[in-house]
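Biologist: I would like to go through this model piece by piece. Please show it, and then I will ask.

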Amino acid sequence: MAQHIKGPVGPSKTDPDFRREAQVDHFAFKPGVDGAYMESNSFISYGKDGTILFLQCVLANIMGVYTHQPGFHIKFIDREGKMTLHTEKFSNTEFKLSDDGASMSMNKDNNTFLYKKNEDGSKTYHVRIQHAGSPLKCDVTFFQPAVQEPLMFGDSLVYFSEDKKSLFRMTYTMPRATVSGTVLKGKETINFEGWGFVSHFGHNITPHQYSLKWQLFKLHTPEISLVMALLTCPKTMNYYQISHGYYVEGDVLQAATMDNSVEVPESSYDRDTGYNQPHASKWTWKGKTKDGRDFVAEVSAPHKRLLDKVDVLGTLPWVIRIVIKAFLARPYHYQWLDKVTVKITIDGVTKEYDGEALHETTFVNPDS
């Protein structure tokens, strides 16, 4: 049995070379892994018209329950904040991976997630979901120019046991992408154009043992992208925090950071969930630009537009609950979309950008 450790072991914010260029192998699906695991590609995009499109393909395994089972999740949020979503899972005989593991197709409806590196060095991900039973369908392309490369932190792995068998891996396949294509919602065809990113996440850990809460921040505007993911471990691991963040301007990765924080100055007890619901937050990124200059990003905002508050085990689609449903946990997920002002300071010079941030807090288990 794996021995628990006092805190995760992974890339450190004090390492000068924690920011590294990822290769295809770092975001490839690897279904040969034994035991419980989940791997996913997430495609998140912001439309120029204020809409949001979220796509995900998942491959999951729970010994004795599921074996290498594929599925997808699609969610569309219109300009008024109305959400339409669908989740589908298939048998383990209804999917196929490319030789390099970066592309996946599933089911006879030809739902595809195809990765390609072009001759000029640019990359594309073509996502096509045409499942007959889904109220949402899409045919969209994520394009990353040659000047930008996939991003990972250290070797992309974080270990939660001394034998290094309990772990997660995170890679930003496309830190910033231009997105174009069509979304079919019922009988309505929507021409979608915007910006977003693609990430690959995999883990074989039991969330209630290693996670107290996750906090995520995503902002994409015509000028910039700013992203943060922060995991807080439970009391048994001394509330250790590990975070990834990055800043893209003009399609070029300007800074990757691990010295990130989220402060919650306002919250109140939510009887529905048993957790303190945040009502305002301050997000801070600190680090260096690629050319060594001091970098700080700051966002402070009240939480005014709650999109989602979900009992993860009770109502959230299979693709998110599949791994944790087998374990004792009380996860609740909050998601907001709020107007924010971003302050970017590089070597003492500050610029401000306005946009809408999609931010989330997922409480995995009560603090004890």
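Biologist: In the hairpin of strand 17 and strand 18, which residue takes a positive phi?

Modeller: This is a predicted model, where local features need pLDDT of at least 70, side-chain atom pairs count only at pLDDT 80 or more, and totals for chains, interfaces and linings use all residues. Residues are numbered from 1 along each chain as its sequence is written, and side-chain values use heavy atoms, with hydrogens and water left out. Strands (E, at least two residues) and helices (H or I, at least four) are DSSP runs numbered from the N terminus. The hairpin has two residues between its strands, and the positive phi, near 60°, belongs to G250.

Biologist: How many bridges join strand 17 to strand 18, and which residue stands opposite Y247?

Modeller: Two strands pair if DSSP finds at least two bridges between them. Strand 17 (residues 241-249) and strand 18 (residues 252-257) run antiparallel and are joined by five bridges. In strand 18, the residue opposite Y247 is A255.

Biologist: Is D100 buried, exposed or partly exposed?

Modeller: D100 is found in the loop between strand 7 (95-97) and strand 8 (104-106). Buried means under 20% relative accessible area, exposed over 50%, and partly exposed in between (1.4 Å probe, protein chains only). D100 has 40% relative accessibility, so it counts as partly exposed.

Biologist: Which side chain joins that of D100 in a polar contact, and which backbone nitrogen lies 3.0 Å from a polar atom of the D100 side chain?

Modeller: A polar contact is a pair of N or O atoms within 3.5 Å; within protein, one must be able to donate a hydrogen and the other to accept it, and residues adjacent in sequence count only if both atoms are side-chain atoms. At 2.6 Å, the side chain of S98 makes such a contact with that of D100. The backbone nitrogen at 3.0 Å is that of A102.

Biologist: How far apart in space are D100 and D25?

Modeller: Leaving out residues up to four places away in sequence, D100 touches V24 and A28, where contact means heavy atoms within 4.5 Å. D25 is 75 residues from D100 in sequence, and their C-alpha to C-alpha distance is 7.2 Å.

Biologist: Why is the pair of F168 and F201 called tilted?

Modeller: Rings of Phe, Tyr and Trp (its six-membered ring) pair if their centres lie within 6.5 Å; planes under 30 degrees apart count as stacked, over 60 as edge-to-face and the rest as tilted. The structure holds 22 aromatic pairs. In this one the ring centres are 5.5 Å apart and the planes stand at 45°, so the pair is tilted.

Biologist: What relative accessible area do F217 and W285 have?

Modeller: F217 and W285 form an edge-to-face pair, 5.2 Å centre to centre with 75° between the planes. F217 lies in strand 15 (residues 213-220) and W285 in strand 20 (residues 275-288), so the pair ties together parts 68 residues apart in sequence. Both residues are buried, and their relative accessible area is 0%.

Biologist: Which ring does the charged end of K164 sit over?

Modeller: A charge sits over a ring if NZ of Lys or CZ of Arg is within 6 Å of the ring centre and within 35 degrees of the ring normal. K75 does this with F54, at 5.6 Å from the ring centre. For K164 the distance is 5.1 Å, and the ring is that of Y159.

Biologist: How many disulfides does the structure hold?

Modeller: C57 counts as buried at 0% relative accessibility, and C138 counts as buried at 1%. A disulfide is a pair of cysteine sulfur atoms within 2.5 Å. The number of disulfides in the structure is zero.
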